[in-house]
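Here is a friendly briefing to read alongside the model. Keep the 3D view open and pick out the residues as they come up.

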Amino acid sequence: MSLPLLLDHLKKVATLGQVAGIISWDQETMMPEKGATQRAEQTGVLAGLIHQLNTDPRIPEWVAAIDEKEISEFDKANIREATRDYNRSTKVPEDLAQTIAKASAEGQMIWSKAREAGDFQMFAPALEKLVQLKREEAQCLSNRQDNLYDALLDQFEPGAKTETLLPLLEELREPLVDLREKISEKPTSKRFMGHYPASKQLALAEKLAKQLGYDFDAGRIDISTHPFSSGGSGDSRITTRTDEKDPLNCLYSTAHEVGHALYAQGAPEPFLPAAQYCSMGIHESQSRFWENQVSRSRSFAEWLYPEMKSYFPDMNISSADEFYRAVNRVETGFVRTEADEVHYNLHVLLRFELERELISGDLEVKDLEAEWNKRFKKYFGLEVIDVKLGVLQDVHWSVGLFGYFPTYSLGNIYSACLDKAMLIDIPDRDQKIATGNTTQTLNWLRNKIHDKGKLLSAEDLIQSATGTTPSARPLIEYLEDKYGTLYDL
Ligand code: CO
């Protein structure tokens, strides 16, 4: 009888988690400004309740009474995840969990004001507090006091360790810098010019989402400052944004978030942990795959360009080939979320090293802005003059997300591994994509990734889908091949 009791309990935890997701969605899309203080309380109370359920002393008793020989692989994974959550939660005292939830909500508010004012020092005390709290949390979680960062990383990428992640990500640096240098000597491709009404951009975004397989009966698209996706299974929502001078922002933010949502909509079951996403790196591999390998491909330009032309007859781009070049324009800039595929992972590497040093104590918050600017100059060759485009550009640290950034690069690495394997299984995939037919592509991902939920670790999932262990090589080869052709290198 223990298994049904445990599963029922896990469903309750997941339900509260989903409620937390919905109110955070509301906070980003429609909550009035004066709701912020109340919302911080609500978030704190909810986190406390989830913490109570996760630390229920009956969990280890139920687990101990289950005979693992008699149950399915799926339920074995549920037990593994329940135990993992129980261990994590019992190690962190409830008042610390609540303090972190509150400090994160406040941190985000202060960050947003400091960003508006362009003043890092205004944000520094809140960040200082969050770094301290996250270090405390990591100390509770980790047996190894010499590597607190791994305890935080583990929340987003279960089982990942800095010692294996660092060489994997660092392998990207040299080839990417090399590629950037070579491209910088070449003439850049054409930019989109003109005016692109927001309402038409949204209409096209919906059309694109449908074409990629997004189920509007299990989701919706709204507007927010920073696009994101939220929820799962039957309620997988996304947001996008529009810029009337630049139609690509809306288009590719949508493709990215649709990638996340397709993964969520493909979850085999809405509540149980074994059916949920494998890791943030795998989640990001799905969004990047649909954004880059599909929507920024030469093949898909054959479908997307005529669609663009029908929505924006006056646009200054006049062929599918010119469109392909324009959407893959390479330019060194300050902002991670606007970075092209060549620069993107270099932005992540900067954050990965800074946040490791913040957590280890090698870098103090008061020196963060200066360090950011110094290293940005070193890695990108640009002087940061506006802090909004510098250390204050990302929300992550303001809400206590340390250990999250490297999952973006892992996502890029995984998406290239999947792309390579998929092309072997479906040799005519790109011909299909050129006509707008992405059914086979989605089915392949459903079978190899979505249906598997959290049965395997991220590394084993990539291994099972592609036949080889995850490596940075497919991404490097994909980028060298694509941009080598685009820029005639
Ligand atoms: Co994403």
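Where does Asp488 lie? Asp488 sits in the segment after α20 (473-486). Please keep in mind that this is a predicted model.

**Domains**
- The protein is divided into two parts, domain 1 (2-146) and domain 2 (162-486).
- Taken over C-alpha atoms, the centres of domain 1 and domain 2 are 26 Å apart.
- Where the domains meet, domain 1 supplies 36 residues to the contact and domain 2 supplies 38 residues.

**Nonpolar cores**
- The largest nonpolar core has 122 residues, and the members that touch the most others are Phe120, Phe192 and Phe323.
- This core lies between domain 1 (2-146) and domain 2 (162-486), because both of them give residues to it.
- Another core, of 13 residues, lies apart from the largest one, and its members include Leu10, Ile71, Ile79 and Leu272.

**The α9 and α10 pair**
- Helix α9 (residues 198-212) packs against helix α10 (residues 247-265) at an angle of about 35°, and 9 Å separate their axes.
- The α9 and α10 helices make a right-handed crossing.
- On the α9 side, the residues that meet α10 are Gln201, Leu202, Leu204, Ala205, Leu208, Ala209 and Leu212.
- Facing them from α10 are Pro247, Cys250, Leu251, Thr254, Ala255, Val258 and Leu262.
- Sorted by class, this contact of α9 with α10 has twelve nonpolar and two polar residues, with no charged ones.

**A buried histidine and an exposed alanine**
- His347 is part of helix α14 (residues 341-360).
- With a relative accessibility of 1%, His347 falls under the 20% cut-off and therefore counts as buried.
- Not counting residues up to four places away in sequence, His347 touches Gly333, Phe334, Val335, Arg336, Ala339, Phe376 and Phe380.
- Ala65 lies in helix α3 (residues 58-65).
- Ala65 has a relative accessibility of 55%, which is over 50%, so Ala65 counts as exposed.
- Ala65 and Ser2 are 63 residues apart in sequence, yet their C-alpha atoms are 6.3 Å apart in space.

**Two residues with positive phi**
- As background, most residues other than glycine have a negative phi.
- Ser233 is not a glycine, but has a positive phi of about 50°.
- You will find Ser233 in the loop between β2 (229-232) and β3 (235-240).
- The relative accessible area of Ser233 is 16%, under the 20% cut-off, so Ser233 is buried.
- Asp488, the residue from the opening question, also has a positive phi, near 55°, and is a residue other than glycine.
- Asp488 is exposed, because its relative accessible area of 60% is over 50%.

Technical notes: Residues numbered from 1 in each chain as written. Predicted model: local features only at pLDDT ≥ 70, side-chain atom pairs only at ≥ 80, totals over all residues. Heavy atoms only, no water. Axes fitted to C-alpha atoms, helices over the stretch in contact; angles between N-to-C directions. Helix = DSSP H or I, 4+ residues; strand = E, 2+ residues; numbered from the N terminus. Left-handed = near helix turned anticlockwise from the far one by under 90°. Contact = heavy atoms within 4.5 Å. Nonpolar A, V, L, I, M, F, W, Y, C, P; charged D, E, K, R; others polar. Core = buried A, V, L, I, M, F, W, Y, C linked by side-chain atoms within 4.5 Å. Buried < 20%, exposed > 50% of the residue type's maximum accessible area, 1.4 Å probe, protein only. Domains from an automatic or database assignment.
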